Amino acid sequence: MKQILIVFLGILMLACGGTKVDQSTILNPTNPKGVNGAVVSESEVIKDNGGVSAVTSTVVANSTPEDIEQLMVFLTSDDLQGRDTGSEGISKAADFIQNVFENNNIKPYFSTYRDTLENYSGGAAYNIVGFLPGSDSDLKNEFVIIGAHYDHIGLISGDDSDTIANGANDNASGTTAVLEFAKYFGKLRNNKRSIIFALFSAEEKGLLGSKHLASKLKSKNIDLYAMLNFEMIGVPMVGKDHSLYLTGYELSNLAEISNEYAQKNLVGFLPKAKEFNLFRRSDNAPFHDEFNVPSQTYSSFDFTNFGEYHKVGDEVSLINFNFMSDIINEVKPMLKGIINAPSKEIKYN
């Protein structure tokens, strides 16, 4: 009953890669399941340092665990049937994402929010692509893409009691982060560079959504500065002195820049990510291939902290909402610093 109420309230308030193979022996460690995050009722309020008008002030509330829970509960509900590409369930998720964009000043980048995939033949499939133009007369011609995939693997066999792979950590968590960033920048509206918010479909089919969009944007010859992708950030890493790791860590100075703007050791290196070449296995890779600009993924899945990868057990009940809200709020100034930097500081080594 509680989840139904949360979904209803959430609606009113609006709003892993390469070709996938069976990696259960690699990505499903026999570890304890995740820990629920308690919901709190208070949220801090931050003010933009750019100035406060005598008539109105620009105030943007931090993302709370309640905000995260509302989005996550809807995106992982059984009604969406695991958000398989081309399904009725993922269409409902797309409607939900579009409503968040519409209610937070994020316009469609193309003629509509739905970017139909031309490289998928299993039914109608589309990315959801939002746009927030830059405010600086020069820097607005440069783009930063903030992305995540919103599809999952749908219905699977093997458990008579549950056949729906709800995909909470993979990747309703990343999708929720992008939606929270869209809400933040949509209200703040002081981004000097233009932002594309991209929620990809068919990632689970071999990165088809991001491949399609990367090729399409390349044909438009946009000046892409960086592609920042978010994947599986629903539970904290174990025994690390940083909260997230960066795929392709050693390829660029993005981790250093990220930590500078976050003013903490937010992003670090995970040896397993390099060992299993995660840089090539999420939606950052097609943008790297097309544009050869820093295109990397932030994640907290460390191969020991979540044993339900591509299983029906990847449920919202395992997500740590407190951790996610902390991460999202710490990433916001990082994104703001990158987007508003006077020059292109992030570079491949």
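This is a predicted model: local features need pLDDT of at least 70, side-chain atom pairs count only at pLDDT 80 or more; totals for chains, interfaces and linings use all residues.
Trainee: OK, and H7 itself, which of its residues are buried?
Mentor: In H7, residues 254–262, the buried ones are Leu254, Ala255, Ile257, Ser258, Asn259 and Ala262.

Trainee: What covers them?
Mentor: The cover over the buried residues of H7 includes strands E8 (223–230), E9 (244–246) and E10 (267–268), along with E11 and H10.

Trainee: Let's take H10, then. How do the axes of H7 and H10 cross?
Mentor: They come within 8 Å and cross at roughly 110°. H7 and H10 are therefore roughly perpendicular to each other, and the crossing is right-handed.

Trainee: Which residues make that contact?
Mentor: From H7 you have Leu254, Ile257, Ser258, Tyr261 and Ala262. H10 brings Glu330, Pro333, Met334, Gly337 and Ile338. Sorted by class, the contact of H7 with H10 has 7 nonpolar, 2 polar and 1 charged residues.

Trainee: And H5 with H10, what's the angle there?
Mentor: The axes of H5 (residues 168–188) and H10 (residues 321–340) cross at roughly 50° and come within 10 Å.

Trainee: Why call them oblique?
Mentor: Angles of 65 to 115 degrees count as roughly perpendicular and those under 35 as roughly parallel. At roughly 50°, H5 and H10 are therefore oblique to each other. The crossing of H5 and H10 is right-handed.

Trainee: Who's touching whom in that one?
Mentor: On the H5 side, the contact is made by Ser173, Thr176, Ala177, Glu180, Phe181, Tyr184, Phe185 and Leu188. On the H10 side you'll find Met324, Ile328, Val331, Lys332, Leu335, Lys336 and Ile339. The residues of this H5 and H10 contact divide into 10 nonpolar, 2 polar and 3 charged.

Trainee: Let's zoom in on phenylalanine 181. Buried or exposed?
Mentor: Phenylalanine 181, which lies in H5, is buried, with a relative accessible area of 1%.

Trainee: What does phenylalanine 181 touch, skipping residues up to four places away in sequence?
Mentor: Ile146, Phe197, Phe230, Ile328, Val331, Lys332 and Leu335. Phenylalanine 181 and valine 331 are 150 residues apart in sequence, with their C-alpha atoms 8.8 Å apart in space.

Trainee: How about leucine 207, what's its phi?
Mentor: Near 60°, a positive value in a residue other than glycine. Leucine 207 sits in the loop between E7 (194–200) and H6 (208–219), and at 4% relative accessibility it counts as buried.

Trainee: And asparagine 292, buried or exposed?
Mentor: Asparagine 292 counts as exposed, at 54% relative accessibility. It is in the loop between H9 (285–291) and E11, and has a positive phi of about 55° although it is not a glycine.

Trainee: What about threonine 85, where is that?
Mentor: In the loop between H3 (65–75) and H4 (88–102). Threonine 85 counts as buried, at 5% relative accessibility. Leaving aside neighbours within four places in sequence, its contacts are Ile90, Tyr120, Ala125, Asp151, His152, Ser201, Ala202 and Lys205.

Trainee: Last one: why does glycine 313 count as buried?
Mentor: Because its relative accessibility is 16%, and buried means under 20%. Glycine 313 is found in the loop between E11 (295–299) and H10.

Trainee: How far is glycine 313 from glycine 167?
Mentor: Their C-alpha atoms are separated by 8.5 Å, with the two glycines 146 residues apart along the chain. Glycine 313 is in contact with Glu308 and Leu318, leaving aside its neighbours within four places in sequence.

Definitions and conventions
Residues are numbered from 1 along each chain as its sequence is written. Side-chain values use heavy atoms; hydrogens and water are left out. Helices (H or I, at least four residues) and strands (E, at least two) are DSSP runs, numbered from the N terminus. Buried means under 20% relative accessible area, exposed over 50%, partly exposed in between (1.4 Å probe, protein chains only). Contact means heavy atoms within 4.5 Å. Axes are lines fitted to C-alpha atoms, for helices over the stretch in contact, and angles run from 0 to 180 degrees between N-to-C directions. Angles under 35 degrees count as roughly parallel, over 145 as roughly antiparallel, 65 to 115 as roughly perpendicular and the rest as oblique. A crossing is left-handed if the near helix is turned anticlockwise from the far one by less than a right angle, and right-handed if clockwise. Ala, Val, Leu, Ile, Met, Phe, Trp, Tyr, Cys and Pro count as nonpolar, Asp, Glu, Lys and Arg as charged, and the others, Gly among them, as polar.
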